[in-house]
Amino acid sequence: MTDLAEEALNLIQSHRQGILQSELWKQLNIDSRKCSRIVKRLLDAGQIERIEFRNEGIKTYLLRAKKKAADPSLILAGCEILPCIRCELECIPEECPLLLDWIYQLALEEYEE
Amino acid sequence: MVTIAEMLEDPAILAYLNRLVGEEGIALIERFPEEGEFSDEELAEKTGINLNTVRHTLYTLYEKRLAEYRRLKNSETGWLTYLWQLKMDRIHAVIEEDIISALERLEARLRFEEENDFYICPRCSATYTFANAASWEFECPNCEVPLEHFENELLISALRKRVRKIRECLGSA
């Protein structure tokens, strides 16, 4: 995937409700023709879906990521962030006390629910 | 378009960036001018954040593809100037990469919790697997008090659920 196609996909994924194609090329700072080519490539690769959309009478498309980026809240247990993120310690998951604390927090969250 | 201020309202994204660049790094992201590209010195001046912190934050964000630079060479002096801009729209993909690499560790821990029986010291809370506890004759080697069986079913259930959610989200359930 080219850098621009990846950037377009990231931008589409960051809009969970979708983004208008007419908005996408402006945000990518490219012309609409180039944007159409990138969109076609993403459609062909099955990474996005395209829904016809009329914006003030003008036909455009709503673009939505098929595979949504993972929900960031998956790294949280209560307010505690998963200690593996940016961890520089020697990794022994079975013995990691930080990970155990996070799992306790996870269990507490589940218990409170 | 999701603005940076809106993005930072998400507690998970905020916690992630805090781990990545710290509070001063977040202050730089918040105060980063919306339009254009800027040198590190301009950013330090515009945001009032220490130049070293600005540089450190930009390099850290660059490693994660959350910032980009364009290099300009002064034809007379040969000096290089780096002009920076943020690429925060990549944040979801970046967090997903970290979740993917953490998943293996969570699965390893889950297996360990599922496959072992645990004993705990009622005084110092140190825990031991069955084999370790047996080798100490079920007595805490530090406190010399009898170890008690530790029920880890709640931990297993919570961790199992989170691992399943992650797998579902990544499409690998």
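Guide: Let's start with domains: the bounds used here come from an automatic or database domain assignment. Keep in mind that what you see is a predicted model.

Visitor: Okay. Into which domains is chain B divided?

Guide: Chain B has domain 1, covering 4-86, and domain 2, covering 93-170. Taken over C-alpha atoms, the centres of domain 1 and domain 2 of chain B lie 39 Å apart.

Visitor: And what does the domain assignment of chain A give?

Guide: For chain A you get domain 1 at 3-65 and domain 2 at 72-112. Here 36 Å separate the two domain centres, again over C-alpha atoms.

Visitor: Next, the helices and strands. How many of each are there in chain B?

Guide: Chain B has seven helices and five strands. Start at the N terminus and you'll read α-α-α-α-β-β-α-β-β-α-β-α.

Visitor: What about chain A: what pattern does it follow along the sequence?

Guide: You'd read α-β-α-α-β-β-β-β-α, which comes from four helices and five strands. Chain A has a radius of gyration of 20 Å, while a compact globule of 113 residues would be near 13 Å. Its C-alpha atoms fill a box of roughly 55 × 35 × 20 Å along the principal axes, and 28% of the 113 residues of chain A count as buried.

Visitor: Let's look at a sheet. How do I read one?

Guide: Strands of a sheet pair through backbone hydrogen bonds, either parallel or antiparallel. So you look for the order of the strands and for their direction. Chain A holds an open sheet of three strands in the order E1-E3-E2, with antiparallel pairing.

Visitor: Why is one side of E1 and of E2 in chain A left without a neighbour in the sheet?

Guide: Strand E1 (19-20) and E2 of chain A stand at the edges and each has a single partner strand, so one side of each has no neighbour in the sheet.

Visitor: How many bridges join strand E2 to strand E3 in chain A?

Guide: Eight bridges join E2 (residues 48-55) and E3 (residues 58-65) of chain A, which run antiparallel. One to look up is A:Ile51, whose bridge partner in E3(A) is A:Leu62. E2(A) and E3(A) make a hairpin with two residues between them, and A:Glu56 in the turn has a positive phi of about 50°. E1(A) is joined to E3(A) by two bridges, again antiparallel. There, A:Leu20 stands opposite A:Leu62.

Visitor: Now for the inside. What's the general idea of a nonpolar core?

Guide: In soluble globular proteins, nonpolar side chains tend to be buried together. In this model the largest nonpolar core has 40 residues, and A:Ile103, A:Leu106, B:Ile95 and B:Ile99 have the most contacts inside it. Elements that give two or more residues to this core are H4 of chain A and, from chain B, helices H2 (11-31), H4 (51-63), H5 (91-115) and H7 (153-170). The largest share, seven residues, comes from H2(B).

Visitor: Which residues does B:Ile99 touch?

Guide: Leaving out residues up to four places away in sequence, B:Ile99 touches A:Ala70, A:Leu74, A:Ile75 and B:Ile166. There's also a second, separate core of 14 residues, including A:Leu9, A:Ile19, A:Val39 and A:Ala65.

Visitor: Last one: how many residues of chain A are in contact with chain B?

Guide: 30 residues of chain A are in contact with 35 residues of chain B. On the side of chain A that touches chain B, helix H1 (3-13) and helix H4 (97-112) of chain A each supply at least two residues. H4(A) gives the largest share, seven residues. By type, that side of chain A divides into 19 nonpolar, six polar and five charged residues.

Definitions and conventions:
Residues numbered from 1 in each chain as written. Chains lettered and ligands numbered in written order. Predicted model: local features only at pLDDT ≥ 70, side-chain atom pairs only at ≥ 80, totals over all residues. Contact = placed C-beta atoms within 7 Å. Nonpolar A, V, L, I, M, F, W, Y, C, P; charged D, E, K, R; others polar. Pairing = 2+ DSSP bridges. Rg over C-alpha atoms; globule rule 2.2 N^0.38 Å. Buried ≥ 20, exposed ≤ 12 C-beta atoms within 10 Å, placed from the backbone. Core = buried A, V, L, I, M, F, W, Y, C linked by C-beta atoms within 7 Å.
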